[in-house]
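Visitor: I am new to this structure. Please take one part and look at it closely, then show me what lies around it.

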Amino acid sequence: MTTIFAEGRRAAQTHILTPRLETPFHARLAALDTLNEWYTWSGCKAPHALSDPELEYFAIRSTAALFDISPMVKYRIAGPDAERYLNRLTLRDVRRLAVNRVHYTAWCDDHGHVLDDGTLFRLGETDFRLCCQERHLPWLLDSAFGFSVDIREETEAVAGLALQGPTSFAVLAAAGFGDVQQLKPFDSTTLPHDDVSVTISRTGFTGDLGYELFVPRARALSLWDRLWTAGAAHGIRAIGYDALNQARIEAGFIVANGDFITADGALRADRVRMPDEIGLDWLVDPDKPHFNGRNAILAARRNQTLKNILVGLEIEGNIPAEHALVYHRRKHEAGIVTAGIWSPTAKRNIAIASLERPYGSLYKDDLWVEIYALRELKYQKMMKRAKIVPRPFLRLARRSATPPGLR
Amino acid sequence: MRKFDAIIVGGGHNGLVTACYLQRAGLNVAVLEKNGWVGGAATSRELTPGFLYSNCSYVCSLFRPEIMRDLELPKHGLQVIAYEGGAVFTRDGDYLASYRDHDSHRREFSRYSKRDAEAYDRYARDVTRQCRFIQPLLMRTAPDPFGFRPRDISELLYLARKFGEFGPQEMAQTLRFWTMSIADFLDEYFETDVIKAYLALSGIIGTALGPMSPGTAYVLLHHYMGEVDGSVGAWGYARGGMGAVTQALARSFEASGGTIRTDAPVDRILSRGGRTSGVVLEDGEEVRAPLVVSNADVKRTFLDLVSEKDLPGDFVHRVKHFKMRGSSGKVNIALDSLPEFPALPEGSACIRGDMHFTDSVERMERAYDDWKAGRWSADPFLDMMIPTTIDPTMTSPGKHFMSCFVQYCPPKLAGREWTDADRDAFAETVVSQIAEYSPGFRDRIVHMEVRTPREIEREVGITEGNIFQGELTFDQLLFNRPVPGYAQYRSPIAGLYMCGSSTHPGGGVMGAPGRNAAIEILRDLKRPTERMSKAHEVV
């Protein structure tokens with residue numbers, strides 16, 4: 001099934017000439033990119049920022065930001081057993097995921113260690129798309145033993161765009177996608193674009209009103225242009241990851257291999273994490289039929305052997321605490337900040353931290369963060385008080401208002 | 001007759017490492033080398049004008065950076081340079097490249113199988129985990145499990161603790177890794193023949209086993225443990241050929257006052273009343289020292305240089321049965337221009353790395369079948385490289401040195417000795433395999449050095465020309481290498497030590513056996529060892 005025949009194989013030799021793939025939207029991004037600062041996302045060129053990361057952030061929170069999510073790894077899972085298979089694979093109950101709905105989920109190895117998190121789209125009764133950060137084809141194929149499903153990797157074939165911000169619906173409406181008006185958060189729909197169809201879901205990584213659009217690669221640029229033209233009057237702005245990262249921290253979302261290490265990637269045995277250790281306990285559905293990692297997760301809960309916990313922190317002052325050590329009573333090392341920013345919208349110094357239990361579970365008070373601020377070649381060391389607070393750090397009513405606002 | 005504090009028998013890289021450390025610790029050390037040059041199996045010789053060969057070993061990765069630093073080898077001229085990937089040529093005219101860049105590597109795999117492309121990370125993770133376990137053991141003396149000395153007990157505890165850091169799954173995986181065949185191991189991850197063949201080659205290099213023989217998975221690990229400047233698993237060239245390693249060691253040794261005598265073949269190691277007092281050279285000269293350290297392999301040392309009657313019977317029995325089988329040959333070729341490989345696109349980096357023509361595990365195993373029958377492989381496995389594509393010091397611009405490691409090649413041909421005609425026929429097998437993928441190859445050849453186990457044994461002195469001084473299978477590792485009870489570099493004869501690759505942690509141009517032997521000797525002399533760096537921490 002996965003064997004590639006010789007001709008295509010030879011044609012693909014030239015891949016080495018472009019060690020960083022250009023996404024289907026690259027031509028548009030490159031034209032707008034005044035900084036030329038690219039990083040590698042899943043082997044693709046992706047922009048840190050196009051012109052000014054701070055202003056790009058405000059596009060997310062004030063108008064509409066267009067962000068290329070094509071490098072996200074995508075698998076298409078279809079077949080009569082697709083629902084049963086995904087229910088066996090992932091933590092949440094897929095039987096409760098209706099057609100044209102999306103849910104955030106995660107999946108584990110047999111030891112209950114998280115392999116990745118991602119979004120699962122139910123495109124049809126027997127047709128699903130799984131989007132994630134890391135690559136899992138061998139795991140997905142091996143897990144399919146005994147199930148009648150077809151699993152295809154479609155990362156490069158499908159282009160993806162996130163359109164996020166208060167005017168994102170207005171942009172879609174102006175572009176002729178007004179039918180998305182009835183979409184509630186995590187709904188999706190399919191609408192015509194050129195000679196193909198585009199899947200639009202009310203989802204995103206910003207905690208704001210927003211949508212994600214998926215289209216076959218060949219129609220990527222025309223979709224971009226359609227949104228861009230329509231968005232001109234609504235403040236549409238293309239953004240890079242730096243801006244998105246600020247928004248996702250405010251929204252309290254975690255990033256695989258940023259806020260936790262995936263089980264397939266961990267070289268050190270103690271770095272793997274169970275769902276309950278990275279704030280994903282709410283995904284685990286013990287009442288649904290058996291799924292990967294179930295026994296291990298339930299045993300860890302029963303025996304109280306969970307070692308870590310992921311928390312949101314609010315830290316005094318305004319110096320971001322990225323990768324700072326967390327202490328209990330200013331003395332006992334309790335964990336590490338995995339992501340931290342000064343939130344421009346919440347006006348708070350926020351962070352996501354991984355703590356070693358009982359810190360964060362039993363001992364929730366008297367936490368401190370040791371910040372080393374490098375200022376003109378000198379570290380200014382400071383110990384700042386930190387308070388565990390619920391995530392998201394920022395709740396916006398417009399995120400879930402249906403029908404969505406226009407501005 | 002001059003008296004030394006210590007004599008090193010054989011100037012290979014490990015002998016020189018021991019010599020350097022002992023000399024720096026204040027001993028008066030002499031290295032006695034039978035050839036007219038030092039280096040053992042890490043040499044660069046000019047056998048035809050204008051071309052320097054890496055005559056035996058040809059790539060550098062395992063050599064411990066701690067030793068390079070302790071002995072100031074960079075100051076004495078050693079430079080190790082990383083190289084880009086390589087390729088396996090397939091019989092259908094394509095190739096499988098290996099690239100240093102992670103995503104390019106994945107894309108190259110995905111030309112053959114999308115599944116295998118995405119399986120590589122998990123494979124690399126599992127192999128790296130095992131390496132992280134083994135790496136700290138390289139620069140420690142293996143404990144004697146029945147020694148009951150405090151240090152043996154503490155080393156055993158260290159091993160147990162290291163092992164204890166593993167979860168139950170990793171422990172199971174480790175035991176499997178140490179005993180499985182590389183073919184079985186790879187089958188658990190990959191489906192594509194050429195991908196498995198490319199990864200399997202590290203499991204059989206230098207080993208008289210086929211990819212389907214149990215124990216070969218560990219051999220892969222041994223090759224994966226190296227690094228170039230912290231880039232684990234990376235391989236590089238020693239600038240100036242592998243002789244640059246031993247030349248730098250020799251200069252470091254001499255700079256600290258050590259004595260090297262070339263053309264000084266040792267005939268026997270003196271022993272009286274269970275204690276050594278020096279050596280006798282082939283010309284009858286006696287060189288005296290209370291310490292003798294043999295860099296020769298364990299068989300040559302104890303079956304040749306020491307009289308059997310001075311040794312315990314059990315020990316001799318174990319030495320006789322230490323597995324040290326010749327399995328490979330080497331063809332070094334001087335070329336007047338860079339060969340073309342039409343399968344590779346123009347400008348491909350692969351030509352600067354390791355190249356191979358064996359595109360399936362099955363073919364490797366068949367090559368091994370020939371060895372079992374006492375023939376060199378009709379369709380051999382080649383590890384071929386052209387170091388001069390990035391090393392400008394070995395020949396003049398435009399000309400090239402090509403190194404071909406060839407497997408399998410038996411020590412005897414169906415029970416009889418090799419002849420010169422056999423050797424030439426062996427070379428022809430190799431050249432015709434290359435020429436099949438590189439038109440006009442023969443016309444570029446200026447000179448060739450062809451080495452079967454016979455030539456390697458004759459020149460370097462390694463029994464059967466086994467490049468590791470004894471196979472790296474689990475029955476011959478750690479406290480079983482070379483002989484249980486004698487895995488701490490000491491021998492049954494007081495004052496006589498071993499420092500070659502026959503000892504823990506084994507072969508490859510690693511230097512660790514030489515360094516570990518020096519530590520044990522200095523401990524016996526109650527001399528300080530703190531100037532010898534401990535193994536870099538694996539963090």
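Guide: Start with Thr40(A), which sits in strand β1 of chain A, covering residues 37–41. A word of care: this is a predicted model. Is Thr40(A) buried, exposed or partly exposed? Thr40(A) has 15 C-beta neighbours inside 10 Å, so it counts as partly exposed. Leu21(A) lies 19 residues away from Thr40(A) along the chain.

Step back to chain A as a whole. It holds 10 helices and 19 strands. Its C-alpha trace spans about 65 × 50 × 45 Å along the principal axes. The radius of gyration of chain A is 22 Å, which agrees with the value near 22 Å for a compact globule of 407 residues. Of those 407 residues, 46% count as buried. Take the contacts in chain A between residues at least 6 apart in sequence: 68% of them join residues at least 24 apart.

Now cross to chain B. Here 26 residues of chain B are in contact with 22 residues of chain A. On the chain B side, two elements give two or more residues each: α3 (102–110) and α4 (114–138). The most comes from α4(B), with 10 residues. What kinds of residue make up this side of chain B? It divides into 5 nonpolar, 4 polar and 17 charged.

Chain B also has an open sheet of 7 strands. The order is β7-β6-β17-β18-β19-β16-β20, with mixed pairing. At the edges stand β7 (95–98) and β20 (445–451) of chain B. Each has a single partner strand, so one side of each is left without a neighbour in the sheet. On average, neighbouring strands of this sheet are turned by 15° against each other, direction ignored.

Look at one pair. Strand β6 of chain B, residues 86–89, runs antiparallel to β7(B), and 4 bridges join them. One bridge pairs Gly86(B) with Ser98(B) in β7(B). Helix α14 of chain B, residues 420–437, lies across several strands, including β6, β16 (328–335) and β20 of chain B. The helix runs at about 130° to β20(B).

Last, the nonpolar cores. The largest has 164 residues. Those with the most contacts inside it are Ile7(B), Val9(B) and Val245(B). Apart from it lies another core of 110 residues, with Leu115(A), Cys132(A), Leu310(A) and Leu313(A) among them.

Key:
Residues are numbered from 1 along each chain as its sequence is written. Chains are lettered from A and ligands numbered from 1 in the order in which they are written. This is a predicted model: local features need pLDDT of at least 70, side-chain atom pairs count only at pLDDT 80 or more; totals for chains, interfaces and linings use all residues. A nonpolar core is a set of buried Ala, Val, Leu, Ile, Met, Phe, Trp, Tyr and Cys residues joined through C-beta atoms within 7 Å. A residue is buried if 20 or more other C-beta atoms lie within 10 Å of its own, exposed if 12 or fewer, and partly exposed in between; C-beta atoms are placed from the backbone. The radius of gyration is taken over C-alpha atoms; the globule rule is 2.2 Å times the number of residues to the power 0.38. Two residues are in contact if their C-beta atoms, placed from the backbone, lie within 7 Å. Ala, Val, Leu, Ile, Met, Phe, Trp, Tyr, Cys and Pro count as nonpolar, Asp, Glu, Lys and Arg as charged, and the others, Gly among them, as polar. Two strands pair if DSSP finds at least two bridges between them. Axes are lines fitted to C-alpha atoms, for helices over the stretch in contact, and angles run from 0 to 180 degrees between N-to-C directions.
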